[in-house]
Amino acid sequence: MDAALTSAELSFWHGTAGDLTPRPGLDGDTTADVAIVGGGLTGLWTAWYLLEREPGLRIVVLEKEIAGFGASGRNGGWLSALFPRSTASLERAHGRDAALAMRRAMIDTIGEVAGVTAAIGLDVDLRREGTVAYARSAVQERAARAEIAEAASYGVDEVEWRGRGEVGAAGARGAAVDLNCASLHPARLVRGLASALETRGVRILEGTEVTAVSPGRVDTARGVVTADRVVLATEGYTATFRATHRRILPLYSLMIATEPLPPAFWESTRLRPGQTFTDYRHLLIYGQRTVDDRFAFGGRGARYHWGSAIRPGYDRVPRVFEHLRRTLVELFPAARDAAVTHRWGGPLGVPRDWHASVGYDPATRIGRAGGYVGDGLSTTNLAGRTLADLLTAADTDLTRLPWVGHRSPGWEPEPLRFLGANAGMLAMAAADVEERLTRRESVIAKAMGPLVGH
Ligand SMILES: Cc1cc2nc3c(=O)[nH]c(=O)nc-3n(C[C@H](O)[C@H](O)[C@H](O)COP(=O)(O)OP(=O)(O)OC[C@H]3O[C@@H](n4cnc5c(N)ncnc54)[C@H](O)[C@@H]3O)c2cc1C
């Protein structure tokens with residue numbers, strides 16, 4: 001781990017997740033049945049479910065920093081049923097039955113994570129309070145009501161309208177409340193899962209950077225792992241490997257956390273502990289009232305870096321942190337004097353068609369999952385269960401879901417990728433301004449929609 005970063009700088013969650021002392025790394029060549037590259041939730045859930053299916057499997061997890069160093073430990077804590085492609089867009093791509101099966105699987109995943117964490121005894125502050133999406137203009141109200149109508153037409157998701165008097169954000173005309181959303185402490189989940197796996201015999205090797213992956217072999221700077229099957233679980237970092245450089249684009253999302261705020265403040269917000277919130281602007285924001293009464297609040301807006309570069313400094317953009325603080329105060333003016341105690345960020349993974357996927361090639365015996373964009377906290381669990389089935393050649397309901405085997409097109413080479421990714425970001429910000437000025441649905445957002453996953 002970057003020695004200059006303390007755990008509290010890495011994220012609010014890392015600062016409250018207990019001991020982060022790195023585990024020993026790989027020490028010379030070794031063998032395993034399954035080698036997993038990346039110690040985030042995709043890698044760890046895959047190990048978890050593989051052991052459920054075949055308890056004797058020898059599994060090695062190879063992690064460059066520490067387990068949970070990446071997005072899995074730093075995210076907004078929304079354990080949602082969201083998938084980066086909407087139900088309607090999944091229906092267009094795969095048909096209605098497949099789209100509905102995917103929605104049901106995502107909703108079930110919340111209960112699955114809750115069940116496993118309770119069974120292991122992990123203290124992850126999980127609360128199932130739903131998410132509140134504020135509608136703060138007529139345009140946003142139309143979007144909210146359209147979403148509710150769409151959910152009702154499919155009959156799987158539970159999204160309800162709450163009127164002005166029932167929600168506590170400034171200027172809100174009401175909100176769409178999605179009941180299928182929980183929240184949790186992400187770093188405690190990923191760190192706790194790593195410890196639980198270790199006690200079950202999984203070797204978690206930290207400080208071990210993988211330099212190349214090929215059938216049956218994983219190269220690191222500290223030795224070679226020869227394994228029957230290999231899983232690539234590096235999400236936003238996937239672009240750092242030459243072979244997969246254009247598969248997933250790392251996009252930075254940044255967050256702030258405030259000091260704990262008093263009960264009278266929270267009463268005015270009508271948010272319950274663990275409840276998450278957003279609104280219908282185009283440049284995404286997301287927040288939660290933590291169980292210790294802080295805001296953990298994040299959003300997009302940090303730019304994409306040339307060549308899909310990832311550096312610790314990119315986690316910290318003062319302009320974006322200040323924008324987030326101002327946006328939070330705009331939503332909840334009584335928070336204007338709240339001290340911002342933590343600022344952080346990290347790369348999430350965006351496939352070219354915004355379609356998360358999971359797959360396993362029996363010919364190369366290499367599996368992979370990712371491309372969750374900002375919806376990976378629960379989707380990684382579904383990926384882990386599915387990869388476990390695929391790697392053990394089981395034919396199940398999960399292996400028939402439409403994201404299995406999906407192949408996204410690659411991202412364009414530079415400079416097109418740089419121009420396209422940053423233009424997409426600017427366009428979403430411009431669309432919000434356009435809607436404020438014209439009070440109509442943004443023409444820009446409509447034009448850019450197919451390119452940014454809407
Ligand atoms: C700021 C932020 C907020 C988010 N908020 C939410 C949210 O509220 N809800 C939600 O559902 N999703 C959210 N997401 C997305 C979600 O966190 C991710 O989709 C998910 O955690 C991805 O998990 P992963 O295991 O696939 O990848 P990661 O957690 O990124 O793990 C990949 C791991 O691979 C390691 N690695 C990289 N290169 C190498 C190498 N060469 N060798 C070995 N190891 C390597 C990394 O160190 C890292 O630990 C957010 C993401 C960010 C960044």
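I am working with a predicted model, where local features need pLDDT of at least 70, side-chain atom pairs count only at pLDDT 80 or more, and totals for chains, interfaces and linings use all residues. I number residues from 1 along each chain as its sequence is written, and side-chain values use heavy atoms, with hydrogens and water left out.

**Cavities.** By cavity I mean a set of points, on a 1 Å grid over the protein atoms alone, where a 1.4 Å probe fits but cannot get out; lining residues have an atom within 4 Å of a point. Points are joined across faces, edges and corners, and the volume is the space filled by probe spheres set on them.

The largest cavity holds about 40 Å³ of space. I listed its lining as Thr258, Arg325, Leu328, Val329, Ala335, Ala338 and Val340. Helix H10 (residues 318-331) gives the largest share of that lining, three residues; helices here are DSSP runs of H or I with at least four residues, and strands are runs of E with at least two, numbered from the N terminus. I sorted the lining into five nonpolar, one polar and one charged residues, with Ala, Val, Leu, Ile, Met, Phe, Trp, Tyr, Cys and Pro as nonpolar, Asp, Glu, Lys and Arg as charged, and the others, Gly among them, as polar.

The second largest cavity has about 30 Å³. Leu283, Leu284, Ile285, Gly299, Arg300, His323 and Leu324 line it, by class four nonpolar, two polar and one charged.

**Gln288.** Is Gln288 buried or exposed? Gln288 counts as buried because its relative accessibility is 3%, and buried means under 20% relative accessible area (1.4 Å probe, protein chains only). A polar atom of the Gln288 side chain lies 3.1 Å from the backbone oxygen of Gly76. Leaving out residues up to four places away in sequence, Gln288 touches residues including Trp13, Gly77, Ser183 and Phe295 (heavy atoms within 4.5 Å).

**Ligand.** I found Gly76 again here: a backbone N or O atom of Gly76 lies 2.9 Å from a nitrogen atom of the ligand. A ligand oxygen atom is 3.0 Å from a polar backbone atom of Leu41, and a polar side-chain atom of Asn75 lies 3.2 Å from an oxygen atom of the ligand.

Terms used:
1 Å grid on protein atoms, 1.4 Å probe; cavity = no way out; pocket = protein on both sides within 12 Å on 5 of 7 lines; lining within 4 Å. Buried < 20%, exposed > 50% of the residue type's maximum accessible area, 1.4 Å probe, protein only. Polar contact = N/O pair within 3.5 Å; in protein donor to acceptor, adjacent residues only side chain to side chain.
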